[in-house]
Amino acid sequence: INDALQQENVIRKEVEKALKEREARLTAIIEASDGFIYICSKDFKVEFMNERLLKRTGYDATGELCYKVLHDRDTICPWCVNEQVFNGETVRWELKSPKDNRWWYIINTPIYHIDGSISKHSMILDITERKKGEEQIGRLNRDLEEKIAQLKTVNAELETFSYSISHDLKTPVIAVEGLSRILLEKYANQLD
């Protein structure tokens, strides 16, 4: 019996060690993320916050309402996608926060628990700099299109001017050519 108990104790310690290693690996993966991560229940209660989100909010808001913690709202956010997520969809979207005017890329994914319940996993990435770059590129493209339109107008005006000049220069050239022909016909033998 002692051998069986010792063997069971060894197996239990190995399982505990494996679970601790797995937990450490999952924690490292979560904390390596460049964004804010939180998990909430169907009734909008925060179940988990990663370290970055804890630092941003300044406290552990587990058990509090996500819309209050993240957006300082007293009601559910009008952009909330909980219904879709709790129906099994992964929802990816961008949002300009009215709280800080920053742009965020949000990925909301359902998490299925062993007991059949579902939580919403949210990963929030700050994309403000990317959006500023996109806006700047948009402005540059609009400016470029405006310059191209101006150049097309100038080109059309130059074509009209060139046609006019070439037409106006034909008359004196024809007269000079005619005079040259007369001079050649009458005085070719007298000219060097």
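Cys 80 comes first: at 29% relative accessibility it counts as partly exposed, meaning between the limits for buried, under 20% relative accessible area, and exposed, over 50%, with a 1.4 Å probe and protein chains only. Keep in mind that this is a predicted model, where local features need pLDDT of at least 70, side-chain atom pairs count only at pLDDT 80 or more, and totals for chains, interfaces and linings use all residues. Residues are numbered from 1 along each chain as its sequence is written, and side-chain values use heavy atoms, without hydrogens and water.

Next, Cys 66. This one is buried, at 5% relative accessible area.

Cys 80 is in no disulfide either; its nearest cysteine sulfur belongs to Cys 66, at 6.1 Å.

Now the largest pocket. It holds about 390 Å³ of space. Its lining has 27 residues. Nearest the centre lie Tyr 38, Leu 70, His 71, Ile 106 and Ile 124. A pocket here is an open set of points on a 1 Å grid over the protein atoms alone, where a 1.4 Å probe fits, with protein on both sides within 12 Å along at least five of seven lines; lining residues have an atom within 4 Å of a point.

Which element gives the largest share of that lining? H3, with five residues.

Note on methods. Disulfide = S-S within 2.5 Å. Points joined across faces, edges and corners; volume = space filled by probe spheres on them. Helix = DSSP H or I, 4+ residues; strand = E, 2+ residues; numbered from the N terminus.
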